[in-house]
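Have a look at the structure first, then go through the points below.

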Amino acid sequence: MTCDFLNCDCAALNSIMPTYKRAPLAMVRGRGCLLYDTNGKEYLDLLAGVAVVSVGHAREEVVCAISEQAQQLIHTSNYFWNQPACQLSQKLNKISGNGYQVFFCNSGTEATECAIKLARKWGSNKGKHKIIAADRSFHGRTLAALAATGQPAKWEGFSPLPTGFTHCKINDIDAWDAAIDDSTAAILLEPIQGEGGIFPASKEFLSKLHKICSERNVLFMLDEIQTGCGRTGSWWAWQQLGVRPDVFLSAKGLANGIPIGACLARDKIATLFQPGTHGSTFGGGPVACAAALATLDVLEKNNYLTAAKVLGSYLQEALLSLPKIIEVRGMGLMIGAQLDSDISEKVTQLCFEKGLIVNHLTSSVIRITPPLCITQAQLDHAVRILDSVLRTL
Ligand SMILES: Cc1ncc(COP(=O)(O)O)c(C=O)c1O
């Protein structure tokens, strides 16, 4: 039997592990904030591959950088230096106020693993191994990142998980204060919880926690995998929140869709890693790093960070005026619209039908993370579609 939306043998759909509930759609092409499916139908993309395609689909500068680099050199191993990786580590340092060293990998979860290993290494001669993360957090699917993830439902069936992780409620400073003890090596936090439902950590909470960590010699580690690369209106959310992490993570939006991850650690911590302590075959490959350099360049040259801030506020306000939306959370163009009931899957479906892609993050939260090159007119169009859908429910 032929699957009509993919124009391929239906059996092919069962040859991929069913780890995702996929919409019966296949995209074949994109341009800017628009996507086109196998039938040629156009969609306005307010998801951007989950906060990944930061400068838009098929962005010319990124495509050229990938293509030019691929024609020169795709892979050599980490036994040699490569120019794009060196340039990217310097660029990341520059936009982070310097003082960091970078470990490159290929995904968010690998960046988390790197941070966990660094924290363990740092604590190993101090009797410190424990890592405290937040309830409802998300840090990845590999085993240690999963153990750090504060969502027990995601742990089911995978025990025994690595030990030494505890979880506290975000913004409850007393709980974190009480949980930190002599065996605590690090805390790990998303400035805005992404997969958990778009819940921001407050500035006050972060600043108090940062102070406690420095007083008690505990590493302050931030997961900026979803919040980073300009999405919240600054390169990293921490730059607007008045804290400076010892270690922080990037991935998703860094190379506009080419797999990449990065763990940045202050020089003194980073140098605990020596040849042989950690590694990655593909990490820091020239093509991914060239794509990331081009992405950061496009973000900078087009002032997309400022745009994320301005358009984010504009969109938050517009969403608040819609029926059935009772709260809007987030920063910049990382937004969660809280609905008054469990209708988010239906909303997403109806939006698809009308050519708009949004994401039902939880049963009652719609996530909006468009490419940062989105225009105000495109946001207005999206709001009109959402309005018409919400009125029918
Ligand atoms: C905050 C955060 N950390 C880690 C991850 C894991 O990233 P990846 O899926 O690239 O492994 C994600 C992915 O959604 C994330 O949002």
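**Cavities and ligand shell**

Sorted by class, the residues lining the largest cavity come out as three nonpolar, nine polar and no charged. Keep in mind that this is a predicted model. Searching the whole structure turns up two cavities of 30 Å³ or more.

**Largest cavity**
- Its volume is about 50 Å³.
- One stretch of its lining is made up of H75, T76, S77, N78, F80 and N82, and the lining also includes T281, F282, G283, G284, G285 and P286.

**Second largest cavity**
- This one holds about 30 Å³ of space.
- Its lining consists of L319, I325, A337, L339, V347, I366, I368, L386 and L390.
- Two or more lining residues come from each of β16 (334-339), β19 (365-368) and α14 (376-392).

**Ligand site**
- Around the ligand you'll find S107, G108, T109, F138, H139, G140, E190, E195, D223, I225, Q226 and K252.
- For F138, a backbone N or O atom is 3.3 Å from a ligand nitrogen.
- On its own the ligand exposes 390 Å², and the protein buries 82% of that.

Methods. Residues numbered from 1 in each chain as written. Predicted model: local features only at pLDDT ≥ 70, side-chain atom pairs only at ≥ 80, totals over all residues. Heavy atoms only, no water. Near = heavy atom within 4 Å. Polar contact = N/O pair within 3.5 Å; in protein donor to acceptor, adjacent residues only side chain to side chain. Areas by Shrake-Rupley, 256 points an atom, 1.4 Å probe, with all protein chains shown as cover. 1 Å grid on protein atoms, 1.4 Å probe; cavity = no way out; pocket = protein on both sides within 12 Å on 5 of 7 lines; lining within 4 Å. Points joined across faces, edges and corners; volume = space filled by probe spheres on them. Nonpolar A, V, L, I, M, F, W, Y, C, P; charged D, E, K, R; others polar. Helix = DSSP H or I, 4+ residues; strand = E, 2+ residues; numbered from the N terminus.
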